[in-house]
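Colleague: I would like to go through this model term by term. Please set each value against its definition.

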Amino acid sequence: MTTLIIGGSGFLGAELVRQVTAAEQPTAATYATRPGDEAQAVWYPLDLRDAARMDAVMSEVHPRLVINASSGGADWGVTAQAPIRLAMTAARQGVRLVHVSSDAVFSGARVHYDESSLPDPITPYGAAKAAAETGVLAVYPEAVVARTSLIIGGGSAHERLVHELAAGTRDGALFTDDIRCPVHVADLAAALLELASGNSSGIHHVAGPDAVSRHELGILIAGRDGLDASRLPTGLRSDSPMPGALDVRLDSRATQRKLSTTLRGARAVLHGVIAGPPRAN
């Protein structure tokens, strides 16, 4: 039966679509503005705020699995309310559901966060993500909620930013006090599909083991891509008007023990040749 990727034209969604179609499984995906490039998938336009349209897509696709990889920023209707409606529909139809969440649900006050840590968001986006987590599991306890961190890989937003800063075509700075646990998009997608294929439910952390600042991540990207790292401007988030947590480190060890996919850290990814998601021996 079909796997449905909500937000299939996004960065993570596109990798999920690629991996599912590569496994020669029937694949459907939704998009907000334009479909993705994968011709083997069936594409459906979907405004996540349109409950009737969401139900129509679910009824037409009749999926065995839904992965919600959509990204609506701080839009409450897309980021908080839509995942709960999706979970209600999935529960009613008996469809396996994986909902992708974010480390933005945490304030950074504790620094280290495992799956038992309670959300304490400090941004509108984090609040919307936290509300979605609570609502999804309230209406569908068998669902998987997978929190992740910065997603890297070819074409990621952070890698584009580093290239633009090094070339001097964009203003800005890489914060030295903003610390996360980046994960490669191929590893993340493979891990989500693994969690979907088993009997897991509830909260899971799916991030890399390395805690690095955005500036250190930029240095690693520059080294891999032959850029002049000295051209990368630095700054402090704590001195900037940009809201957000400083140091948030997802502890993904409990999830990693369940997976054959290795969640590589930023240093391992950016010091080596990036291929498909590796497997543990």
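Predicted model: local features only at pLDDT ≥ 70, side-chain atom pairs only at ≥ 80, totals over all residues.

Colleague: What makes H5 a helix, and which of its residues are buried?

Modeller: Helices are DSSP runs of H or I with at least four residues, strands are E runs of at least two, and both are numbered from the N terminus. H5 covers residues 157-167. Buried means under 20% relative accessible area, exposed over 50%, and partly exposed in between, for a 1.4 Å probe on protein chains only. In H5 the buried residues are His158, Glu159, Leu161, Val162, Leu165 and Ala166.

Colleague: How do you know that the buried residues of H5 line one face?

Modeller: Look down the axis. The buried residues of H5 fall within an arc of 160°, so they share one face of the helix. The arc is taken from the directions between the helix axis and the C-beta atoms. Ala157 and Ala167 are exposed on the other side of H5.

Colleague: What do the buried residues of H5 pack against?

Modeller: They pack against strand S8 (151-152), strand S9 (174-175) and helix H7 (214-225). Contact here means heavy atoms within 4.5 Å.

Colleague: How do you know whether the length of H7 agrees or disagrees with its residue count?

Modeller: H7 has 12 residues. The expected span is 1.5 Å times one less than the number of residues. That gives 16 Å for H7, and its end C-alpha atoms are 16 Å apart, so the two agree. The buried residues of H7 are His215, Leu217, Gly218, Leu220, Ile221 and Ala222. Their cover includes H5, S8, S9, strand S13 (212-213), strand S14 (234-235) and helix H9 (266-271). Glycine 226 follows H7 with a positive phi, near 70°.

Colleague: What puts the buried residues of H2 on the same side?

Modeller: The buried residues are Met54, Val57, Met58 and Val61. They cover an arc of only 95° around the axis, so they sit on the same side of H2. An α-helix has 3.6 residues a turn, so residues three or four places apart point the same way. Ala52, Ser59 and Glu60 are exposed on the face of H2 turned away from its buried side. The buried side is covered by elements including strand S1 (3-6), S2, strand S3 (42-45), S4 and H3.

Colleague: Which label does threonine 255 get, buried or exposed?

Modeller: Buried, because its relative accessibility is 1%. Threonine 255 is in helix H8 (residues 253-256). Outside four places in sequence, threonine 255 is in contact with Glu115, Leu195, His204, His205 and Val206.

Colleague: What label does glycine 198 get, and why?

Modeller: Partly exposed, because its relative accessibility is 29%. Glycine 198 lies in the loop between helix H6 (185-197) and strand S12 (202-205).

Colleague: How many cavities of 30 Å³ or more does a search of the whole structure find?

Modeller: One. A cavity is a set of points on a 1 Å grid over the protein atoms alone, where a 1.4 Å probe fits but cannot get out, and lining residues have an atom within 4 Å of a point. Points join across faces, edges and corners, and the volume is the space filled by probe spheres on them. For the largest cavity that volume is about 50 Å³.

Colleague: What lines the largest cavity?

Modeller: Its lining includes Asn68, Ser70, Thr79, His99, Tyr125 and Lys129. H3 gives the most, with three residues. The lining divides into four nonpolar, six polar and one charged. Ala, Val, Leu, Ile, Met, Phe, Trp, Tyr, Cys and Pro count as nonpolar, Asp, Glu, Lys and Arg as charged, and the others, Gly among them, as polar.

Terms used: Residues numbered from 1 in each chain as written. Heavy atoms only, no water. 1 Å grid on protein atoms, 1.4 Å probe; cavity = no way out; pocket = protein on both sides within 12 Å on 5 of 7 lines; lining within 4 Å.
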